Amino acid sequence: MLKIVVCVSGGGTNLQAIMDAIDNGKITDTEILAVISNNAGAGALERARNRGIQAICMSPRSYSDREAFDQAFTDRISELAPDLVVLAGFLVKIPPQMVRAFSNRIVNIHPSLIPSFCGVGYYGLKVHEKVLERGVKVTGATVHFVNDGMDEGPIIAQKPVMIEENDTPEILQRRVMEQAEWILLPQAIDDIANGRLEIRDNHVYRL
């Protein structure tokens, strides 16, 4: 049984996709231990409570400095002892000590086709605003393992989404979620739960 902790900053639509996939058997042998958010008002925490899943708020603002938060956050994750940490729209940089402690056991969903439109400053709606400003014809989403870099870890899977005429950032964000994020993230979790992935030389291979 793969035990996971899901970290979310906002409404938790990717969290919902994970929970739904567990319910309908698209994710097997997986249990959500807890949902953590840096935002006390995050809809994701309410979704977790409604399912009887432990809901935890940990905000950097509640600590004296970033080092104190980083250590407390890493300690809390370590206490929960998950097999996998899932970043499902989590807008907090993962502490280096946590990346080391959970090497190749943290995955993230990013709303673009990495290496395009990623890195510092590219998160949430900002990604889709930049995509439309640039005038690209295809965007999408990427699920990847997390390393010390920003959106630089080994790529697990990507899914393209076409740009349509009259798209706004909000409309495009929703389409990328529906056509890519909510498919890729549950699929990646199921692949990990069932031992279908292997990392070699910073690349992910399907077994």
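Modeller: Asn166 lies in the loop that runs between β7 (155–162) and α6, helices (H or I, at least four residues) and strands (E, at least two) being DSSP runs numbered from the N terminus. The model is a predicted one, in which local features need pLDDT of at least 70 and side-chain atom pairs count only at pLDDT 80 or more, while totals for chains, interfaces and linings use all residues. Residues are numbered from 1 along each chain as its sequence is written, and side-chain values use heavy atoms, with hydrogens and water left out.

Asn166 has a positive phi, near 70°, although it is a residue other than glycine. Helix α6 itself comprises 25 residues and spans 34 Å from first C-alpha to last, close to the 36 Å expected at 1.5 Å a residue; the expected span is 1.5 Å times one less than the number of residues. A kink of about 45° is centred on Met177, the bend at a residue being the angle between axes fitted to the seven residues ending there and the seven starting there. After α6 comes Gly195, with a positive phi near 65°.

Two helices pack against α6. Helix α1 (residues 13–23) meets helix α6 (residues 169–193) at an angle of about 55°, their axes 9 Å apart. Axes are lines fitted to C-alpha atoms, for helices over the stretch in contact, and angles run from 0 to 180 degrees between N-to-C directions. α1 is therefore oblique to α6: angles under 35 degrees count as roughly parallel, over 145 as roughly antiparallel, 65 to 115 as roughly perpendicular and the rest as oblique. On the α6 side, the residues in contact with α1 include Met177, Trp182 and Ile189, contact meaning heavy atoms within 4.5 Å. The residues of this contact comprise 8 nonpolar, 2 polar and 1 charged; Ala, Val, Leu, Ile, Met, Phe, Trp, Tyr, Cys and Pro count as nonpolar, Asp, Glu, Lys and Arg as charged, and the others, Gly among them, as polar.

The axes of helix α5 (residues 125–134) and α6 come within 9 Å and cross at roughly 110°, so the two helices are roughly perpendicular to each other. Leu125, His128, Glu129, Val131 and Leu132 of α5 touch Pro169, Glu170, Leu172, Gln173 and Val176 of α6. This contact of α5 with α6 divides into 6 nonpolar, 2 polar and 2 charged residues.
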